[in-house]
Amino acid sequence: MPLFRRGESASTLDLLVVGLGNPGRKHARDRHNIGFMVVDAFARKFRIAIDRHERDAFTGKGQIAGRTVMLAKPQTFMNLSGRAVAAISSFHKVDASEILVVYDDADLEPGRLRLRATGSAAGHNGVKSIIQNLGTENFARLKFGVGRAGN
């Protein structure tokens, strides 16, 4: 299925956008929280209030380009993100191919982006958790370069 599909589905969502990060003020500005920061930027741009707490995540639902989108920020800490993603996608009947995960990539120079339709975890524990909990690698990922610490 394509990322932005339209047609018959049990889900009322067209896309679930998940930003990875670690909860709490202590981690709010960490470079590893870039996924949360991007989801917050989407929320501001498209006026989607992330005002619900459900299934171990803060969520908000709205319209982007005529599609119903849910934004989610798991509150399980990065390495356990899959638990929240699987719970949300199961409850809302969202197929893995309708999920976009946004996260940091230390192997990309700061500011670089890489979009992948599917793939392995490539050493990222948050993505590894999502793959394990969904039982598939068939979800899109948007990697934001943060570089290595000290660079």
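Colleague: How many helices and strands are there in the chain?
Modeller: This is a predicted model. From the N terminus on, its elements run β-α-β-β-β-α-β-β-α-β. That gives 3 helices and 7 strands.

Colleague: What share of the 151 residues counts as buried?
Modeller: Buried means under 20% relative accessible area. Of the chain's 151 residues, the share that passes is 50%.

Colleague: Among contacts between residues at least 6 apart in sequence, what share joins residues at least 24 apart?
Modeller: A contact here needs heavy atoms within 4.5 Å. Take the contacts between residues at least 6 apart in sequence; the share joining residues at least 24 apart is 64%.

Colleague: Which elements do the buried residues of α2 pack against?
Modeller: Helix α2 covers residues 81–91. Its buried residues are Ser81, Gly82, Ala84, Val85, Ala86, Ile88 and Ser89. They pack against β1 (15–19), β2 (52–54), β3 (57–64), β4 (67–74), β5 (99–105) and α3 (125–134).

Colleague: Which residue just after α2 takes a positive phi?
Modeller: Look just past the end of the helix. The phi there is about 55°. The residue is Lys93.

Colleague: How many aromatic pairs does a search of the whole structure find?
Modeller: Ring centres must lie within 6.5 Å to pair. Across the whole structure, the count is 0.

Colleague: Over which ring does the charged end of Arg55 sit, and over which that of Lys73?
Modeller: A charge must be within 6 Å of the ring centre to count. The charged end of Arg55 is 3.5 Å from the centre of its ring, that of Phe91. For Lys73 the distance is 5.4 Å, and the ring is that of Phe36.

Methods
Residues are numbered from 1 along each chain as its sequence is written. This is a predicted model: local features need pLDDT of at least 70, side-chain atom pairs count only at pLDDT 80 or more; totals for chains, interfaces and linings use all residues. Side-chain values use heavy atoms; hydrogens and water are left out. Buried means under 20% relative accessible area, exposed over 50%, partly exposed in between (1.4 Å probe, protein chains only). Helices (H or I, at least four residues) and strands (E, at least two) are DSSP runs, numbered from the N terminus. Rings of Phe, Tyr and Trp (its six-membered ring) pair if their centres lie within 6.5 Å; planes under 30 degrees apart count as stacked, over 60 as edge-to-face and the rest as tilted. A charge sits over a ring if NZ of Lys or CZ of Arg is within 6 Å of the ring centre and within 35 degrees of the ring normal.
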